[in-house]
Amino acid sequence: MKPRLYEIEVLGGLEEFALQELQGVKGVKGLDGPRFLYAGDTRTLKRLKSVVAVYVVESFFVPRPKALLGHQHLLHLVAFVRDVTSQDSFSSFRFSAAGRDSAVFERLALELESATGLKHLPEEGELLLRVVPGDEGWDVLARITPKPLSARAWRVCNMSGGLNATVAHAMLRFGGIRENDRVFNPMCGSGTLLIERSLIGPVETLVGVDKDPDALTCARENVAASKRGGIELHQVDITTADMPTRAFDLIVADLPWGDAIGSHDDNAILYPAFLKAMGRAVSKRGRMVVLTHEVRLFQEVLEEDGRWKLLSEVKVYHGGHYPRMYLLGR
Ligand SMILES: C[S@@+](CC[C@H](N)C(=O)[O-])C[C@H]1O[C@@H](n2cnc3c(N)ncnc32)[C@H](O)[C@@H]1O
């Protein structure tokens, strides 16, 4: 098969995680920023865990998008769309482009509708077609899946404040993947980190706790949909729990940020209590990965607690915010 050009969409801050994941995919070549060449089965790309979406790129030697309406270019565009849509189940399409509401894009949409049978749904069309300036003309990028890859099939219960699955995957990679890890996810909410860890591969134990019974119900539904076994869930308030000593090798948590979940005043009490409890629960050579937007509070509390060493820190983009991901050791 001839290699084709692809482009990944990644949340800000997760670029290194996505590049590392792509480097592990057999057949990926010429990895340069978000673009790469690949001749293999696209089903492999649809399994990527740290990217929001994958697009296949087609270049058109046209001076402006209007020229895509010309006979030859239109045939080329229709063939491209047919090829992408033959590989997944798409029933509609939409454009993402500067001027997508213009008469040119309206005419392009009508042409594509009649040639492909796909419906043009400007807001929620499944096949997302991005039209962007290319090196020698214009590129059309087609998302290879009807939904973004970050919208996991296992997520049947959505919780307000739920973690983006690509960020969860990156947090777990940041902490390191070891088969004999006893992994703990305090404040597990809808279970994103637990399910994503289970999908990466074997692990000694995987335990999640939350004080909110509704969150745990949500997590149970998601775990059931994921068909992953071995995930323990318990109702526990982390601030009052009698944590077992040195019981976990990797602790991963996205703490309440005090906006969608919790409040800033609550966090001033929760964060030190959390660090103290985790200081007891982590094993001698254990690690902890924390995601929070309460950066100043977390750093102050970390210093006061004094038992954790900051090993690394990454700023990530998540739902309109720039929280930080901290890797901590003892
Ligand atoms: C940001 S949400 C976690 C979201 C989760 N990662 C997900 O993907 O759904 C924070 C969670 O912390 C829980 N929580 C807050 N205070 C807690 C406490 N003292 N003990 C246990 N859980 C707590 C909340 O109930 C909420 O589910």
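This is a predicted model: local features need pLDDT of at least 70, side-chain atom pairs count only at pLDDT 80 or more; totals for chains, interfaces and linings use all residues.

Student: Which residues of helix α1 are buried, and why do they line one face?
Tutor: An α-helix has 3.6 residues a turn, so residues three or four places apart point the same way. Helix α1 covers residues 15-23. Seen down the axis of α1, the buried residues fall within an arc of 130 degrees, so they line one face of the helix. The buried residues are F17, A18 and L22.

Student: Which exposed residues are on the face of α1 turned away from its buried side?
Tutor: The buried side of α1 is covered by elements including β1 (4-9), β2 (28-32), β3 (35-38), α5 (165-175) and β15 (324-329). The face turned away from that side carries the exposed residues E16, Q20 and Q23.

Student: What is the relative accessible area of T166?
Tutor: T166 is in helix α5. Leaving out residues up to four places away in sequence, T166 touches L11, L14, K49, S50, V51, V52, S150 and R152. T166 is buried, and its relative accessible area is 0%.

Student: How many Å separate the C-alpha atoms of A215 and M159?
Tutor: A215 belongs to helix α7 (residues 213-226) and counts as buried at 3% relative accessibility. Not counting residues up to four places away in sequence, A215 touches M159, G189, S190 and D210. A215 and M159 are 56 residues apart along the chain, and their C-alpha atoms are separated by 7.3 Å.

Student: Which residues are closest to the ligand?
Tutor: The ligand is surrounded by 21 residues. By class, this shell has ten nonpolar, six polar and five charged residues. The closest are L163, S190, T192, D210 and D254.

Student: How much of the accessible area of the ligand does the protein cover?
Tutor: An N or O atom in the side chain of D210 is 2.6 Å from an oxygen atom of the ligand. A nitrogen atom of the ligand is 2.9 Å from an N or O atom in the side chain of D237, and a backbone N or O atom of K211 lies 3.2 Å from a nitrogen atom of the ligand. On its own the ligand has 600 Å² of accessible area, of which the protein covers 95%.

Student: What share of the residues of the chain count as buried?
Tutor: The chain has nine helices and 15 strands, and its C-alpha trace spans about 70 × 35 × 35 Å along the principal axes. The chain exposes about 16,000 Å², with carbon and sulfur atoms supplying 50% of it. Of its 330 residues, the share that count as buried is 49%.

Technical notes:
Residues are numbered from 1 along each chain as its sequence is written. Side-chain values use heavy atoms; hydrogens and water are left out. A residue is near a molecule or strand if one of its heavy atoms lies within 4 Å of it. A polar contact is a pair of N or O atoms within 3.5 Å; within protein, one must be able to donate a hydrogen and the other to accept it, and residues adjacent in sequence count only if both atoms are side-chain atoms. Accessible areas come from the Shrake-Rupley method with a 1.4 Å probe; for residues, only the protein chains shown count as cover. Ala, Val, Leu, Ile, Met, Phe, Trp, Tyr, Cys and Pro count as nonpolar, Asp, Glu, Lys and Arg as charged, and the others, Gly among them, as polar. Buried means under 20% relative accessible area, exposed over 50%, partly exposed in between (1.4 Å probe, protein chains only). Helices (H or I, at least four residues) and strands (E, at least two) are DSSP runs, numbered from the N terminus. The arc is that of the directions from the helix axis to the C-beta atoms. Contact means heavy atoms within 4.5 Å.
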